[in-house]
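Here are my notes on the model, in the order I would go through them with you. Have the structure open next to the text as you read.

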Amino acid sequence: MAVFKIVEVGDIVLKEKARPVTKFNDNLVKLLENMADTMYDAEGVGLAAPQIGIGKRVIVLDVGEGLIEMINPEIIEKNGVDCDVEGCLSIPGVIGSVERAETVRVKGFDRHGEEIICEASGLLARAFQHEIDHLDGILFVDKAIDIQTKK
Ligand code: CO
């Protein structure tokens, strides 16, 4: 178990475009496990590798339906519009309403390099969009239509 310190807003790694993973090896497995440990420790529903200082296109998610690991994720279809409140482990104490697609179809790879496709709606669709934005250096506060400090 390795819980990493979560990088906070202001760090350059959160503004950079993350690089695609090309090697599906033990280092990737270790990264995925460290990311899941860090996400669960922080009680988040998603984490992107840049949030632990690693500029690679890797995300983990768990909205209460089990752990999803996805490498080089890409949204290949989106439908509908939904506006709801979000927060981010890298921006503690801040929440804001963000417009997202209601449902998404996401293509990526699992830890073995096998292609996977996820159909997501509700919170999971929102989490996918939020985490994939992290891989492009985009934070929810860049898109939020209102920003509030959490009491
Ligand atoms: Co975030």
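1. Let me start with the metal and what counts as a donor: an N, O or S atom within 2.8 Å of the metal (3.2 Å for Na, K and Ca), and since water is not among the atoms, sites may look incomplete. With that in mind, the donor residues of the cobalt ion follow the spacing C-x41-H-x3-H in sequence. The donor atoms are SG of C88 and NE2 of both H130 and H134, at 2.1 to 2.2 Å.

2. Some conventions before we go on. This is a predicted model, in which local features need pLDDT of at least 70 and side-chain atom pairs count only at pLDDT 80 or more, while totals for chains, interfaces and linings use all residues. Residues are numbered from 1 along each chain as its sequence is written, and side-chain values use heavy atoms, with hydrogens and water left out.

3. Helices and strands here are DSSP runs numbered from the N terminus (helices H or I, at least four residues; strands E, at least two). H130 and H134 both belong to helix α2, where four residues, about one turn of the helix, separate them. Are they buried or exposed? For accessibility, buried means under 20% relative accessible area, exposed over 50%, and partly exposed in between (1.4 Å probe, protein chains only). H130 is buried at 7%, and H134 is buried at 1%.

4. Two strands are taken to pair if DSSP finds at least two bridges between them. Three strands make up this sheet, in the order β4-β5-β8 and with antiparallel pairing. Strands β4 (82–87) and β8 (146–149) are at the edges with a single partner strand each, so one side of each has no neighbour in the sheet. From one strand to the next, the twist averages 25 degrees. Between β5 (residues 94–100) and β8 there are four bridges, and I95 sits opposite Q148 of β8.

5. How does α2 sit against this sheet? Helix α2 (residues 122–135) lies across β4 and β5, at about 60 degrees to β4. Axes are lines fitted to C-alpha atoms, for helices over the stretch in contact, and angles run from 0 to 180 degrees between N-to-C directions.

6. Strands β6 and β7 deserve a look too.

7. On packing, a nonpolar core is a set of buried Ala, Val, Leu, Ile, Met, Phe, Trp, Tyr and Cys residues joined through side-chain atoms within 4.5 Å. The largest one has 17 residues, of which I59, L61, V104 and F128 touch the most other members. At least two residues come from each of β2 (58–61), β3 (68–79), β6 (103–109), β7 (115–121) and α2. Helix α2 gives the largest share, six residues. There is also a second, separate core of 13 residues, with L31, M35, V58 and I71 among them.

8. Finally, the charged pairs. A salt bridge is a side-chain nitrogen of Lys or Arg within 4 Å of a carboxyl oxygen of Asp or Glu, and the whole structure holds 12 of them. In one, R111 and E69 meet at 2.9 Å, N to O. This pair links the loop between β6 and β7 to strand β3, 42 residues apart. R111 is partly exposed at 23%, whereas E69 is buried at 16%.

9. R126 and D82 form a salt bridge at 3.0 Å between the closest N and O atoms, with R126 in helix α2 and D82 in strand β4. R126 is buried at 6%, but D82 is partly exposed at 29%. E86 pairs with R100 at 2.8 Å, linking strand β4 to strand β5, and both E86 and R100 are buried at 5%. D82, E86, R100 and R126 belong to a salt-bridge network that also includes D133 and K143.

Methods: Contact = heavy atoms within 4.5 Å.
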